[in-house]
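Let's walk through this structure together, going from the whole chain to its sheet and then to single residue pairs. Keep the sequence at hand as you turn the view.

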Amino acid sequence: MKMIIAVVQDKDSNRLTDALAENEFKTTKLSTTGGFLREGNTTFMIGCDDEDVDGALDIIKKNCSQREQMVAPISPMGGNADSYIPKPVKVEVGGATVFVLPVESFFHF
C-alpha cells in the first residue's frame, strides 16, 4: 500500500477532486499555504494499493497544469530598502508536487 501526498495550486483543486472521485480514489484534502509565493494550495492525501499508484499519478498530471504568473517580490525584511525595486517577476506556478510513501499499516475505525 502507498500514501500519495500531492500539493497542488488551489485553482486545480476542484478539477482534481472530481477526477479522482470519478476514478474511485478516496482522498483527504488539507488547506495549505506555499512558502515561496505564500498563496493557497491544497494538499491531497491519497491511500491506494501499489498497482493503483500509476493511475493516480496520471490523473494528477492531467489535472494540474503549470502556468506563468506575475508576482510582486516581497520587500526584504531588515534589509536595505533603498535599493529595493518592487518590480513584478514572472514565475511558473501550478503543476503538482507529489510524494509517494510506503505504508507499513493502515487502520480504519
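Of the 109 residues in the chain, 26% are buried.

The mean pLDDT of the protein chain is 83, with 72% of its residues at 70 or more. Which elements mark the two ends of that scale? Helix H2 (residues 53-63) has the highest mean pLDDT among the elements, 96, while strand E5 (residues 89-94) has the lowest, 65. Where pLDDT is low, the predicted coordinates should not be read in detail. Please keep that caution in mind when your eye reaches strand E5, with its mean of 65.

The elements follow one another as β-α-β-β-α-β-β-β, which amounts to 2 helices and 6 strands. Contacts also reach along the sequence: among those between residues at least 6 apart, 69% join residues at least 24 apart.

In what order do its 4 strands lie? Reading across this open sheet, you meet E2, E3, E1 and E6, paired in the antiparallel sense. Strand E2 (27-33) and strand E6 (96-102) are the edge strands, each pairing on one side only. On average, neighbouring strands here are turned by 20° against each other, direction ignored.

Next, look at strand E3 and its two partners. Strand E1 (residues 2-9) runs antiparallel to strand E3 (residues 40-48), and 8 bridges link them. Within that pairing, valine 8 stands opposite threonine 42 in E3, and glutamine 9 stands opposite asparagine 41 in E3. Helix H1 (residues 10-22) packs on the sheet, where it touches E1, E2 and E3. The direction of helix H1 makes about 25° with that of E3.

Strand E2 is the other partner, joined to E3 by 7 bridges, again with the two strands antiparallel. Here threonine 32 stands opposite asparagine 41 in E3.

Terms used
Residues are numbered from 1 along each chain as its sequence is written. This is a predicted model: local features need pLDDT of at least 70, side-chain atom pairs count only at pLDDT 80 or more; totals for chains, interfaces and linings use all residues. Side-chain values use heavy atoms; hydrogens and water are left out. Two strands pair if DSSP finds at least two bridges between them. Axes are lines fitted to C-alpha atoms, for helices over the stretch in contact, and angles run from 0 to 180 degrees between N-to-C directions. Contact means heavy atoms within 4.5 Å. pLDDT is the predictor's confidence in each residue, from 0 to 100. Buried means under 20% relative accessible area, exposed over 50%, partly exposed in between (1.4 Å probe, protein chains only).
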